Amino acid sequence: MYRRQFLAGVAMGAVAVAMYGSPAFAATPPDQLVIAINMGSMRGLDPHEANQIESAEILANLYDRLVYFEPDALNEAKPQLAEAWTISEDGKTFTFTLREGVTFHSGNPLTAEDAAWSLARLVKLGLAPAIDLRQWGYNESNVDTLIRATDARTLVVETPEPWSPGLILGSLASSACSIVDRAFLADKEQDGDLGRAYLQASDAGSGPFSLRTWRANDIMMADAFASYWNGAPAMRRVIMRHMPESSVQRLQLDTGDLDVATRLSSTDLDVFEKAGTIDIQKVQGFGFYYVALNQKDDILSIPQVREAFRYLIDYDGLASTIMRYYGHKSQTVIPSGLPGFLEDMPYSLNIDKAKELLAEAGYPDGFSKVLYIGPGTPYFEFAQSLQANAAKAGITLDLQMGDYLSRFRERNFDIFMGRSGERLPDPHAILQSYATNADNSDGAPLSGLLAWRSAWDVPKELQELVVAAARETEPAQRAELYAEVNALYLKSSPALITSFERFDVKAVSKRVSGYVGHPTWLTRWDTVSKS
């Protein structure tokens with residue numbers, strides 16, 4: 001009865017917001033966590049397909065992985081499903097011993113065969129998250145041989161070539177490498193899709209929560225898994241609600257109808273910070289806000305045009321207003337705190353310089369292009385600023401806001417503004433996406449890379465340096481290589497213009513303890529309690 005009353009309250013609250021613009025109902029129950037998110041860009045809940053921050057947080061709780069990282073210790077892999085592991089002397093073979101007594105939500109026991117099948121499924125589906133393993137040389141033809149179970153508790157992961165071991169463990173900790181229930185999915189397959197259609201709105205995991213309800217652009221509900229190997233969570237239920245408007249999130253957080261808000265504008269965050277009534281978490285996201293210029297476009301592929309756009313961003317103005325909570329100024333491509341970070345920022349807003357470059361490119365009177373942006377803050381505000389500055393230089397930008405991620409992935413756009421985040425807290429993850437593109441053809445299986453999506457034929461020297469740094473195991477030498485890569489990227493007039501290092505902001509009710517934003521998006525709910 002209590003649950004029905006609460007859900008009725010949620011529905012009535014939504015109606016009230018729609019009709020009157022303000023919510024008015026009771027605080028969230030003490031054993032339930034209610035989170036507001038923007039579901040506009042989510043692509044279902046298959047862990048081997050979903051690739052957005054909102055999806056990753058859900059998957060972090062529906063599924064387990066072999067290892068994980070604490071939010072404040074990203075250089076030390078810790079046991080999750082694997083209670084121990086060894087690494088061979090040549091660095092190519094990882095042997096994991098899986099935890100005993102783990103069961104999936106279905107009741108099936110979790111074995112090393114499930115782990116091997118799950119990682120092979122990720123590679124064989126070949127969707128965007130597959131980059132987590134494909135980058136190390138796994139493909140459809142070798143993955144079943146290289147990743148194998150030798151008994152019920154032993155999983156062998158052999159890499160085709162030697163890489164820095166931390167990179168491999170980091171990949172295995174990502175949401176993409178979630179372990180799914182092979183036996184449960186056996187009869188869910190449709191036309192050889194390995195259960196992909198079924199997992200869009202269902203789960204087959206072993207995590208601390210099981211999926212109860214999922215409706216796109218509406219609501220997600222997950223119930224505590226009483227048989228979880230690490231103990232049942234304190235929260236009986238977690239509810240995520242689609243709530244794209246910052247003003248609505250702020251009002252409901254203020255009245256206690258929400259526990260966590262995730263897409264507040266800088267103005268609304270400033271209100272809470274000054275009042276001191278809500279905890280504000282700024283979580284480093286290991287990525288950047290970027291402007292992608294499609295290099296298949298005759299105009300945007302001219303180096304002077306790419307360079308001109310770098311002078312049309314109001315870095316200082318945005319830093320003090322729209323981006324105050326969402327990022328730090330950064331014009332290079334390695335986030336602060338990682339090896340190779342550089343503080344170089346040679347660009348500033350300069351309309352005259354941009355016009356000069358456009359004239360050199362043969363477009364003194366400018367041109368018109370469509371700028372696609374994702375829904376919600378701060379994309380729209382950021383894009384409006386760029387649009388106004390571009391107009392002063394003669395460029396007309398038609399802003400189109402919505403779910404245009406598919407268009408970006410298909411290389412069917414003029415200009416796209418987005419933000420990246422990485423599941424692997426290492427410079428290689430960022431650089432591989434921004435600065436490598438081994439095959440720039442339309443049919444290449446590289447949709448997980450931002451450089452490929454932008455059709456940027458990355459200079460060979462830059463790509464070779466990225467690979468050399470990933471193979472280097474000596475830390476000081478590795479840091480030098482990454483600094484060299486970073487400087488070269490800055491000078492290359494890239495098709496992906498970085499402007500702000502990404503931070504994810506969460507506004508958390510003071511009633512909530514243990515909700516800790518994770519830099520790789522894997523925020524857990526089984527650590528949460530409420531007063």
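The lining of the largest pocket divides into 15 nonpolar, eleven polar and five charged residues. This is a predicted model, where local features need pLDDT of at least 70, side-chain atom pairs need 80 or more, and totals for linings use all residues. Side-chain values use heavy atoms, without hydrogens and water.

About 620 Å³ of space lies in this pocket. A pocket here is an open set of points on a 1 Å grid where a 1.4 Å probe fits, with protein on both sides within 12 Å along at least five of seven lines; lining residues have an atom within 4 Å of a point. Of the 31 lining residues, I131, Q432, P445, L446 and L449 are the closest to the centre. Helix α17 supplies the largest share, three residues.

By the ring rule there are 18 aromatic pairs. Rings pair if their centres lie within 6.5 Å; planes over 60 degrees apart count as edge-to-face. Two pairs are tabulated.

| Pair | Centre distance | Plane angle |
|---|---|---|
| Y311 and Y347 | 5.2 Å | 65 degrees |
| W456 and Y489 | 5.9 Å | 85 degrees |

Y311 lies in the loop between α10 and α11 and Y347 in the loop between β13 and α12, so their pair ties together parts 36 residues apart in sequence. Y311 is buried at 13% relative accessibility, and Y347 at 11%. Buried means under 20% relative accessible area. W456 and Y489 are buried too.

F288, Y290, F408, F413, F416 and Y434 form one aromatic cluster.

Charges also sit over rings (NZ of Lys or CZ of Arg within 6 Å of the ring centre and within 35 degrees of the ring normal). K188 lies 4.0 Å from the ring centre of F184. R471 sits over W163, at 4.2 Å.

Key: Residues numbered from 1 in each chain as written. Points joined across faces, edges and corners; volume = space filled by probe spheres on them. Helix = DSSP H or I, 4+ residues; strand = E, 2+ residues; numbered from the N terminus. Nonpolar A, V, L, I, M, F, W, Y, C, P; charged D, E, K, R; others polar. Phe/Tyr/Trp six-rings, centres within 6.5 Å; stacked < 30°, edge-to-face > 60°. Buried < 20%, exposed > 50% of the residue type's maximum accessible area, 1.4 Å probe, protein only.
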